[in-house]
Structure formats: C-alpha cells, structure tokens
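Here is a short briefing on one protein structure. Keep the sequence and the 3D view open as you read.

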Amino acid sequence: MDRIAITGGAPLKGSIPIYGAKNSALKLQAAALLSAEPLVLENMPDLADTRFMAQLLASLGVEVAWIKEARTLRLHAGAIASTIAPYDLVRKMRATFNVLGPLLARVGHATVSLPGGCAIGARPVDLHLKAFEAMGVDIHIEQGYVKAAALRGLRGADITFPFVSVGATEHAMLAAVLAQGDTTLRNAAREPEIVDLADCLNAMGARIEGAGTSEINIRGVTSLKGAKHRVVSDRIEAGTYALAVAAARGDVLLEGANYDHIAALAELMRRAGVEVETEARGVRVRRNGGRLLAQDFETEPFPGFPTDLQAQAMAVLCLADGQSRIRETIFENRFMHAPELARLGAQIAVHGNEAVVTGVEKLIGAPVMATDLRASVSLVIAGLAAEGETIVNRVYHLDRGFESLEAKLAACGAQIERQRGD
Ligand code: EPZ
C-alpha cells in the first residue's frame, strides 16, 4: 500500500490551485440521472470518489466520458438501464446513496442499498427517507436495501427537517425538481454545495429559489434538459491548504479559493496569528514569526466552522501557545486523529464530543495512519510542522478527496513524497 513520507520544517511558498469540490461534484454527478440530455461538468475533481460515482452511474446506463485535460466530465443518461445500486458500491462510498432520489424522479422506482455506518459515526439516512415519504414515495427496507416506488409520480411537499442535514437537503432537491407541484424545504442546509447544486439544476431547467438560505422553494417541472456547469471550488481543500501554511509557515496563494466559503476558518486563523486575505485570484495565507495562539471552536453547519476542517485545525492547534477546546457537534466519532497526533507528541484529552488540546513547543515525526479522509490529511499537516520524518499510511483515504496532494505541497517547497507500496 502507498504511503506518504514528509520531512517537516520547510515553509510553504508559492501558489496552490484549488480544484472543484468533491462533495458538490458527487451530487452533481447524481443529477445527470434526471435528464435524457447530457450534463457536462467542468472543473471536475479527478478523485477516487468521483471516479467511483461515475462507475455506479455507468452501471445504471449512463454514458460516462472523462475529458481529463479539460478537467471535464460528460454524463449522458439517455436511457436508464438499471435502477439498482448494490451494497458493494454504496458501502464503499455513501454519496452513491444519492442516486435514489433522481431515479425515483426519473423512472418512479429504485432499489438502493442502505449505506450503513462509517468511521466518523452512524450516519443514518432517516431524514432522506422521510422527505421522500412526504413526496408520496412508498418505502420498504428489505435485506439492507431501500425499495422505493412512486408509481403515480412524486408530488411536491412541505418538509421541515428536524435538524440541518446537507445530504438530506440535497437529496430532497434532487427529487423535488421533477415532482408535481411545489416543494418547500425548511431548516435546509445552507452550504455552498447546496447553492452549486441548485445552480446546476436551474441550468437544466429546474425552478429552485432560496438555495443558500434555510428555506428552499422548488416548483416541479415535467422534464429537465442538458446543461454545462462548473463545479464550485472546494472550500475544504482550500481550508486544508490554508491550515497547512498555518502549520508549516510561509506565504501561499490559494488560487480559485472563495473567501466567503471559508470565512469561519479565516476568522479563527486570524485570531490565532495567521494572515488570511482575499485577493483577485483567490485567498492568500501568510504566517511568519512565533507561536500561534490557542483557540476554542465548535463545528457547525455552514456558515459555522465545518466539521470537515476540524481535524486539520486540531493538528495546527497542537503547536499553539495555550489550551484549545474543540467541540464536534456534527458527527459523534470524529476525533480518531487525536491518538495519532499524540504519536507525534501532541497533548490531547478527548471527553465525549470535546477535545482539549494543550499546545506543545514541538512535534516529532513518527509513523501514523488514519481511518478517514480529513483525519489523514490532518496527519500530513502535523507532519509538515514536525521535526524529522512522518510516514502517513493508508494513503487511499487521502486519494478519495485530495487530488495531487503531494505534488501541490511539494511545488510550494514541502519535503513530501509518495512511496509506492505493493
Ligand atoms: C456531508 O455529509 C459531507 N459528505 C460530509 O463530508 C460532511 O462532513 C457533512 O456533509 C457535514 O458538512 C458529502 O457531501 C458526500 P449531514 P452528510 O447529512 O450529507 C445526521 C467528507 O469528509 N443525519 O449534514 O452525510 C448525520 O449522522 C465528508 O468529505 C441523520 O441523523 O452529512 C450527522 O450527524 C464526511 N439522519 C448530521 O446529521 C439523516 O438522515 C449531519 O449530517 C441524515 C443525517
């Protein structure tokens, strides 16, 4: 298995291009099922996860063409050949569950495996299913599969989510666009990925208003057409490299990053002592000088501090002056990076959903591994700041969500390389 070797201590200087957002791209890919005409997605991240979603779509009958040089994916669901998403595919990547809504909207029935839990928490899909039931879908769970049918078509509904869910908001949108009548989603998620999905669906002829606010109104249409859409830039990738600069020191332009999408992180970084500024071409991050200051934060739905940057921020705060308190409010088991950071010398005490990080003066490289994508990259960040060599194992987690990670960091002066395994 591949591993990543990092020799810490080199400051980062230069610029890093920020690619399209994985978590938006995956839902946009599912949207291709809604139309018999092609959907062309530009600024597509070429990742294990987006390739995997494309494979699932191909198994449902979608013609898939990657135009790699143009970072473009063309999806053409002229006819739906299958309405079954099997366990082996959904188990490996939860976002594949998102084909359920578009299949229901397009052909009226689908059989999709329940995703099951994952390393960061139980992650049920009850809100997704309740939204579909409200739209008139009959749902049966049999042998681990959701068997869903809306034989008389989907009908618009007034849905209030009991708490904010990105996935359920997106999934309800993906179905409601082709429902009969109007749908209102209340207490909807406000993430930039929701706005991106609404923009793409509207370009396909959908009528969605209010995306980016907590009330989304959708007027159902009878069919959608093809479209060309540019995937929004990845705020989590941008935030991750911003935190890498905070850890390693230096001066880096995050090209194509949108400041407004990482404002909560930028405020925290500024309080800690890092310069973060918006520029015409992206966001510049600079850190010189002494130790950063400890910071308390908690994860929240957008526009709050994102759970997908919690591990990376913790890695930086391990070296800050003072004690930082971090509360994880989105996922119940998202501190698995803490014991691995401790292998580098970090002092972290975890009590339930709160971690107390007591900053140390230095970290020392060690072999480490992690069980999810963001936790893995937090170990890379810690490795960039640690003395000596850090080896990050289980690199396949990183490959799920960070395209060209080593190349982007090495181009800015990091001493980092991928060591090929068997
Ligand atoms: C998305 O997951 C992202 N994944 C996650 O990124 C991200 O951490 C999360 O949103 C929060 O921002 C993708 O977009 C593919 P939720 P999602 O529904 O949609 C609970 C990464 O590293 N819940 O907003 O699954 C759920 O268990 C990944 O890229 C229910 O209880 O997140 C969680 O505690 C990890 N029932 C909370 O809600 C439901 O039906 C918020 O989850 C749905 C969710």
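Two strands count as paired if DSSP finds at least two bridges between them. Strand β3 and strand β14 meet that rule, with 4 bridges in the parallel sense. Bear in mind that this is a predicted model.

**Strand pairing**
- Strand β3 covers residues 39-42, and strand β5 covers residues 72-76.
- These two strands run antiparallel and are joined by 4 bridges.
- β3 also pairs with β14, which spans residues 227-230, and here the sense is parallel.
- Look at V40 to see both pairings.
- V40 stands opposite R74 in β5, and V40 also stands opposite K228 in β14.

**Nonpolar cores**
- In soluble globular proteins, nonpolar side chains tend to be buried together.
- The largest nonpolar core here has 75 residues.
- V99, L100 and L201 have the most contacts inside that core.
- Helix α6, residues 166-176, gives the most to this core, with 6 residues.
- A second, separate core has 74 residues, including I236, F335, A346 and A386.

- L174 lies in helix α6.
- Is L174 buried or exposed? Its relative accessible area is 0%, and buried means under 20%, so L174 is buried.
- L174 and N98 are 76 residues apart in sequence, yet their C-alpha atoms are 8.3 Å apart in space.
- L201 touches L174 too, and its other partners include A31, L34, M173, I208 and L224, again not counting residues up to four places away in sequence.

**A buried helix**
- Helix α10 runs over residues 310-317.
- Why is α10 said to be largely enclosed by the rest of the structure? The reason is that 8 of its 8 residues are buried.
- Among them are Q310, M314, V316 and L317.

**The second largest pocket**
- This pocket has a volume of about 280 Å³.
- Its lining is made of 19 residues.
- A247, R249, R287, L319 and A385 lie nearest the centre of the pocket.
- Two or more lining residues come from each of α8 (235-248) and α12 (373-385).
- α8 gives the most to the lining, with 3 residues.
- What kinds of residues line the second largest pocket? The lining divides into 11 nonpolar, 2 polar and 6 charged residues.

Terms used: Residues numbered from 1 in each chain as written. Predicted model: local features only at pLDDT ≥ 70, side-chain atom pairs only at ≥ 80, totals over all residues. Heavy atoms only, no water. Buried < 20%, exposed > 50% of the residue type's maximum accessible area, 1.4 Å probe, protein only. Core = buried A, V, L, I, M, F, W, Y, C linked by side-chain atoms within 4.5 Å. Contact = heavy atoms within 4.5 Å. 1 Å grid on protein atoms, 1.4 Å probe; cavity = no way out; pocket = protein on both sides within 12 Å on 5 of 7 lines; lining within 4 Å. Points joined across faces, edges and corners; volume = space filled by probe spheres on them. Nonpolar A, V, L, I, M, F, W, Y, C, P; charged D, E, K, R; others polar.
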